[in-house]
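I opened this model to go through its helices, its cores and a few loop positions. My entries follow in the order I looked things up.

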Amino acid sequence: EQSWTETAAAEAEFVASISCSGHGRAFLDGSILDGKPVCECNACYAGPHCSVLLPGCIADADSGDPMFLEPFWLKHAASSTIVVPGWHRMSYEFNDGSLLSNQLESQIRTLHAVVGNAVTDGRYIVIGGGATQLLHAAVHSLSATNDRFSPARVVASTPYYPVYREQTEFFNSKDYKFEGDTSVYKNKSVSQGKFIELVTSPNNPDGKLKKAVLQGLSVKTIHDLAYYWPHYTPVPTPADEDLMIFTLSKLTGHGGSRFGWAIIKDEAVYQRMLTYMSLSTYGVPRETQLRVLKLLKVAIEEQGKEMFNFGYRIMRNRWIKLRKTMLTSKRFSIQELEPQNCSFARKVREPTPAFAWLKCEREEDKDCNAVLHSMNITGRHGSLFGAESRYVRLSLVKREDDFDWLLKRMKMLVSQENN
Ligand SMILES: C=C(NCc1c(COP(=O)(O)O)cnc(C)c1O)C(=O)O
């Protein structure tokens, strides 16, 4: 029988009961009007109940904010909700002095065993404030060896996730420097110094499964496997690399929880990443770890079939609709990806990546984002990925409202081709 949690439960249920016409949501920490949290409307909707459609609004396909899984968590509210008492884990450390919950570490290992997308036996795990923090922790840790090769050359294959360049340049360390496209160094000799290659598989923005390009003793590799989940790609085999990074953002859609983890083979690298986490933030909040533990338990229910099939169905339907829309277009093309065997689904599957990598095929359409802007569509400029401006990345992982708007506008663009 509820007692001291009654108030917390009542508050949560009350805010969940506020209807925002299915085009928004009220939150416990949202703005208050007349004593009630107000509806925070999805793009293109407005009004106190988000019932007013804004006809001329922009189809925003820029951010990879993975809200497509929000309906799954609304449906699984009971099994995915936690109550966090004021006295919950107030200490800086767990009883064993660590910064990572043993339960959570074990749950992460179980998750990868259920999905079959990564080897974790005999590997160390470090958690961080999103893959974003772990990426820098990894670059810092792999570059911080005192050898004559300094600074380490940080490289990634074009098109690459823009944060790799932005983050490396921002921290501006003497130990590493972003040097761009990996292919430039493919056949260079070791005398070119030490390399840190960032490998993204499936890749952001084009969804391709990638392997390291550079080989050799002077090359360290970071595998960013943010999208190596069944929602987005067939999972042929468990990844088994020296340093692999995953994020809750793309697994469950909880980008706002700022949680990621690295799976590391080498103990010295593990210790350096632990030191980085200790000195940068002294770990991930305990409330976050409790929530992630709960979410991962739901994610592996029914051997993962619940959440991953839910996510895959949405992404597959979106790709079917988008490909149908683009079928007759001569002006635009999107990436074609080969079906592959998926060990999780136990069958061959088409990739359903998080992003469409759209190319403007006409010679004159050199700035593809500008072409899309003419139809009130915003994507992410191809040049940010080290690619030509005739490419644009379109996010397919946002809310249904966002995808519907994008599709509507793309249909109008394609239909204009024949006018
Ligand atoms: C949100 C977006 N990317 C997140 C991302 C991240 C960041 O994940 P976080 O855990 O949310 O910090 C890391 N690696 C890759 C390849 C990613 O695509 C985006 O590209 O719009």
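I started with helix H9, residues 286-299, which has 14 residues. From its first C-alpha to its last H9 reaches 20 Å, close to the 20 Å expected at 1.5 Å a residue; the expected span is 1.5 Å times one less than the number of residues. Helices here are DSSP runs of H or I with at least four residues, strands are E runs of at least two, and both are numbered from the N terminus.

I noted the provenance before going on: this is a predicted model, local features need pLDDT of at least 70, side-chain atom pairs count only at pLDDT 80 or more, and totals for chains, interfaces and linings use all residues. Residues are numbered from 1 along each chain as its sequence is written, and side-chain values use heavy atoms, with hydrogens and water left out.

Next I checked burial in H9. Its buried residues include Arg286, Gln289, Val292, Leu293 and Leu296. Buried means under 20% relative accessible area, exposed over 50%, and partly exposed in between, with a 1.4 Å probe and protein chains only. Among the elements covering the buried residues of H9 are helix H4 (102-115), strand E8 (124-128), helix H7 (248-252) and H10.

I then turned to the cores. A nonpolar core is a set of buried Ala, Val, Leu, Ile, Met, Phe, Trp, Tyr and Cys residues joined through side-chain atoms within 4.5 Å. The largest one has 80 residues, and Trp261 and Leu394 touch the most other members. Helix H10 (residues 305-326) gives the largest share of this core, 8 residues. A second, separate core of 27 residues includes Leu142, Ala152, Val269 and Tyr276.

How do H10 and helix H12 (residues 400-416) pack, and at what angle? I found about 15 degrees, with the axes 9 Å apart. Axes are lines fitted to C-alpha atoms, for helices over the stretch in contact, and angles run from 0 to 180 degrees between N-to-C directions. That makes H10 roughly parallel to H12. Angles under 35 degrees count as roughly parallel, over 145 as roughly antiparallel, 65 to 115 as roughly perpendicular and the rest as oblique. Among the residues that meet are Ile314, Arg318 and Leu322 in H10, and Phe403, Leu407 and Met410 in H12; contact means heavy atoms within 4.5 Å.

For comparison I looked up helix H5 (residues 130-143) and helix H6 (residues 163-171), which pack at about 55 degrees with axes 11 Å apart. H5 and H6 are therefore oblique to each other. Thr132, Leu135 and His136 in H5 meet Tyr164, Gln167 and Phe171 in H6.

My last entries concern loops. Asn203 lies between strand E11 (195-200) and strand E12 (219-224), and at 5% relative accessibility Asn203 counts as buried. Asn203 touches Pro159, Lys208 and Lys210, not counting residues up to four places away in sequence. The peptide bond from Thr158 to Pro159 is cis, with omega near -5 degrees. A cis peptide bond also joins Ser201 and Pro202, with omega about -5 degrees.

Cys44 has a phi of about 80 degrees and is buried at 6% relative accessibility. Gln303, in the loop between H9 and H10, has a phi near 55 degrees and is exposed, with a relative accessible area of 53%.
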